[in-house]
Amino acid sequence: MIWNESSECMRPDEMRDLQNKRLRTTVERVYHNSTFYRSRMQEMGVSPMDIETIDDLVKLPFTVKTDLRDQYPFGLFSAPMSEIVRLHASSGTTGKPIVAGYTRKDLGTWSEVMARTFAAGGCSRNDIFQIAYGYGLFTGGLGAHYGAEMLGASVIPISAGNTEKQIQLMTDFGSTALCCTPSYALYLAEAIQEMGVRDKLKLRCGFFGAEPWTEEMRREIENKLKIKAFDIFGLTEIIGPGVAYDCEAQSGMHINEDHFLPEIINPQTLQPVAPGEIGELVFTTITKEGMPVIRYRTKDLTSLTYETCSCGRTSVRMHKIMGRSDDMLIIRGVNVFPSQIESVLLEFGEAAPHYHIFVDRANNTDTFEVHVEVRPENFSDDLSSMLNLRKRIEARIQSVVGIHAQVKLVEPRSIERSTGKAKRVTDNRKLY
Ligand code: AMP
Ligand code: ZN
């Protein structure tokens, strides 16, 4: 089966023609099927007729995370629910998640871009894929699953966690490719080292993403597991994993630009940056039906290169993600905004809205600690009342953010005050 008949090695003019055509179709689609995009475009005085080529992208409005939140759950869909065959979601800035809907064709596109990702890492139908990304609303598990199946590989849908079982099946089934977050890969690597079973494994490569990781971390995973580690990038709003992927050259991720048009803008001026400069990554989907997005601001910082790669692929490449232009943290795979913590603390009369978040990594797992100031009138030596307050805050953070934070109550006025922009986060993980 030829599943990657298009794109990866197209001549630039062929690619541009394809992108122009697909962009026009997408703009028509959102204009006629999404009230949100039609009114946005009307506000800007743009109609589908104004969009002929990808150079006209700049005439179109941006989309941001809060638009998706405001349109919760299905307001950004451009297909009727009868055509939506899958829903996924990712945590957003408030309790409400960001929702994505896929038509059957979208699921086919997604499988295709993931199959490309795996093929670029040298995998084929002869591989055995252990999918240790979480299955469920998160896009990682099912995204990788269908891609590996389309490739024709054998798929083990084990999902995340249960490390002992992971290693047992990896040994018994002879898994050759591993898909999970880079932090879990490192955790598995250390467990495998401790158990002394590396020589029993057939593992050759891994596809790791969904959170930032450095080149140093890549080398560590490669050395510990004796495999080749590929970076894969994606986000729920665009499709999930499979937006961009490493090839064997590991010199920037190839973007599936026949489906996702990238731009880099200056996050302050919102203007395109000069070629090769670092800025905020923006994507327009040009083949999606269920939930196409126009000029979606990812807040991820990177740069693009249009030079042909040494692997022969002509598609544009993005540098490893270098940071974010907002304050979103990804802790144990969950998106966390400091503002969520602040709003939780404001619910508690005993806590002052002064807090500091500490994130670190121990034993390849993220640690998440929140120091919270207690109001002077509520601060007491009564340990049981302090313990009770701490437990209540922890429970509330868990329910709003979705993961456990260790709360430490601190004395009134002990958290440093700021005269300018408050620094509320210390992230010692060195992820970029
Ligand atoms: P989600 O939609 O919840 O899966 O989160 C998507 C976000 O995860 C992206 O916007 C990035 O900030 C981050 N992300 C995903 N893949 C990578 C990667 N390979 N490297 C760095 N950050 C990533
Ligand atoms: Zn390449």
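# Helix packing and cores in a predicted model

Author: Helix H9 (residues 338–346) and helix H10 (residues 383–401) pack with their axes 10 Å apart, at an angle of about 135 degrees. This is a predicted model, in which local features need pLDDT of at least 70, side-chain atom pairs count only at pLDDT 80 or more, and totals for chains, interfaces and linings use all residues. Residues are numbered from 1 along each chain as its sequence is written, and side-chain values use heavy atoms, with hydrogens and water left out.

Reader: Why are H9 and H10 called oblique to each other?

Author: Angles under 35 degrees count as roughly parallel, over 145 as roughly antiparallel, 65 to 115 as roughly perpendicular and the rest as oblique. The angle here is about 135 degrees, and H9 and H10 are therefore oblique. On the H9 side the contact (heavy atoms within 4.5 Å) is made by Gln340, Ile341, Val344 and Leu345. H10 contributes Ile393, Arg396, Ile397, Val400 and Val401.

Reader: What makes H7 and H8 roughly parallel?

Author: The axes of helix H7 (residues 182–195) and helix H8 (residues 215–225) cross at roughly 30 degrees and come within 9 Å. By the cut-off of under 35 degrees, H7 and H8 are therefore roughly parallel to each other. Among the H7 residues that meet H8 are Leu186 and Ile192, while the H8 residues include Met217 and Ile221.

Reader: How do you know that Leu201 is buried?

Author: Buried means under 20% relative accessible area, exposed over 50%, and partly exposed in between (1.4 Å probe, protein chains only). Leu201 has a relative accessible area of 9%, so Leu201 is buried. Leu201 is found in the loop between H7 and strand S6 (205–209). Not counting residues up to four places away in sequence, Leu201 touches Met170, Thr171 and Ile192. The C-alpha atoms of Leu201 and Gly174 are separated by 6.3 Å, although these residues are 27 residues apart along the chain.

Reader: What makes a set of residues a nonpolar core?

Author: The set must consist of buried Ala, Val, Leu, Ile, Met, Phe, Trp, Tyr and Cys residues joined through side-chain atoms within 4.5 Å. The largest such core has 63 residues, and those with the most contacts inside it are Phe118, Phe129, Phe207, Phe233 and Met318. Helix H4 (residues 104–120) supplies the largest share of this core, five residues. A second, separate core of 27 residues includes Val336, Ile341, Tyr355 and Val401.

Definitions and conventions
Chains are lettered from A and ligands numbered from 1 in the order in which they are written. Axes are lines fitted to C-alpha atoms, for helices over the stretch in contact, and angles run from 0 to 180 degrees between N-to-C directions. Helices (H or I, at least four residues) and strands (E, at least two) are DSSP runs, numbered from the N terminus.
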